[in-house]
Amino acid sequence: MKRYVGAIDQGTTSTRFMVFDHTGTVVAAKQKEHRQVFPQPGWVEHDATEIWQDVLEVAEGALGEAGIGARDLAAVGVANQRETTVLWDRWDGRPVHHAIVWQDTRTDRTCAELAASFGPEHFRARTGLPPATYFSGPKLMWLLERVPGARRRAESGDLLFGTMDSWCIWNLTGGPKGGAHVTDLTNASRTLMMDLAQACWDDEILRLMDVPKPVLPAIVPSSALYGEAVGPLSGVPVAGCLGDQQAALFGQACFSPGEAKNTYGTGNFLLLNTGLSPVSSRYGLLTGPAYKIGDQPTVFMLEGPIAVTGASVQWLRDNLGVISSAAEVEDLAASVEDNGGVYFVPAFSGLFAPYWRNDARGVICGLTRFARAGHLARAALEAVAWQTREVVDAMKADTGAQLPVLKVDGGMVANELLMQFQADVLGATVVRPAVTETTALGAAYAAGLAVGYWPGLDDLRANWRLGRRWEPSMGPEQRERQYAAWKRAVAKTFD
């Protein structure tokens, strides 16, 4: 048996390649940040060519660090920032425009027109999603309209569309020389163009959005063989693909209905496994596939995406200069006993779940002469926990699930103050696994299952190990009083 499985974790701010052994332990990892491009307010772009070069660099670096070669990998999987949209030339592999990032709001008017013309429930009933700038279909519409000649070339099959998984897999398996143009159903479901029940492109919605079908990738399972890699991973089966948040759910071994995880990164993403039937949300959550293993039935989830959490700490660092590194925010927040009445709602890109208000803008309220930098830092961390509480409440209302335990992962879970406050405001146990890189681990698990490196889900469950646990210590009266103050602050972001 081959000794290891590799994973590409292509994220919003950086790209990593990680090598895991059979116990799910990290053997080697390399990471590289890429540029964030802001052409104008509300617009966010990436250079897809730069990102692909980063993939090659970190893959070579991780193999070198482990002292192994491609021959030692049983398979490689891909996890990715989901809605970030790329349109590229089939014949030379060059993108026709910068990738449009999931945070980008330039399609606000397009989404409003779709909702007004056809009704948001028309889309939600078929795709599990409302029309929103978050999703990749409207971004593709923008590219087809604004890039000269793009629509004609897309109709003729000369251009290819995909999210970052499609871009990476196509290049990884040969690019212009026969690369596989595919996307798994977790990523396809984030386009606003996939029929959720049938896991196929919805022809009626494609007509409504005026998207030519030849530009679209084939929809495939999350765990299946897509092709063999070329380049530094030559000969390695490419066999796993999951949107980053579904990958984290998979890596956290949330395989049973009612199990949930929350990833704390640039934004927060709370996912709840709902089993083999999709649950339509009445409280502002998204319905979609959690994963599909080979020809097994699709497992579904409810998701509460939060646009800005870790990004608010970056804002304190880069825009205000309150801290010089993200790691300093915990000590600064701990320098005060509480938030001093200060609440910070970081609606920089509007508000996602459970509100879906593109018009919302960030506010800091409750300021007095008493307030200082520590209170602002604490308010930024508390905002992460309060936004999560809102999503948990929506999940309870939709499903009746009580969520006594929340599994957590992502970069911010190293922040002990935040994790304790999260347990306090939820009134629930928060647990962090020993291996916190669950996004990459989930992609590795999907790839390894496809080639038999792991025989089944029970092997993956056995790999999950507790790293740290937090129990709630805040009383119910204090919790609800502060929650009411948070809700008043949120109301100030509207309009």
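User: Does Asp458 count as buried, partly exposed or exposed, and at what relative accessibility?

Analyst: Please note that this model is predicted. Asp458 counts as exposed because its relative accessibility is 56%, above the 50% cut-off.

User: Which residue forms a salt bridge with Asp458?

Analyst: In general, side chains of opposite charge can pair when their charged atoms come close. Here the partner of Asp458 is Arg461, with the closest N and O atoms 2.9 Å apart. Both residues lie in helix 15, three residues apart, about one turn of the helix. Arg461 counts as partly exposed, at 34% relative accessibility.

User: Which parts does the salt bridge between Glu390 and Lys487 tie together?

Analyst: The closest N and O atoms of Glu390 and Lys487 are 3.2 Å apart. Glu390 belongs to helix 12 and Lys487 to helix 16, so this pair ties together parts 97 residues apart in sequence. Glu390 is buried, with a relative accessible area of 5%, whereas Lys487 is partly exposed at 33%.

User: How many residues does the largest nonpolar core have?

Analyst: In soluble globular proteins, nonpolar side chains tend to be buried together. In this structure the largest nonpolar core has 133 residues, and Met193 and Phe250 have the most contacts inside it. Helix 12 gives the most to this core, with 13 residues. A second, separate core of 38 residues includes Trp167 and Tyr226.

User: What does Phe250 touch?

Analyst: Leaving aside residues up to four places away in sequence, Phe250 touches several residues, including Phe255, Tyr291, Tyr445 and Leu457.

Conventions: Residues numbered from 1 in each chain as written. Predicted model: local features only at pLDDT ≥ 70, side-chain atom pairs only at ≥ 80, totals over all residues. Heavy atoms only, no water. Core = buried A, V, L, I, M, F, W, Y, C linked by side-chain atoms within 4.5 Å. Buried < 20%, exposed > 50% of the residue type's maximum accessible area, 1.4 Å probe, protein only. Helix = DSSP H or I, 4+ residues; strand = E, 2+ residues; numbered from the N terminus. Contact = heavy atoms within 4.5 Å. Salt bridge = Lys/Arg side-chain N within 4 Å of Asp/Glu carboxyl O.
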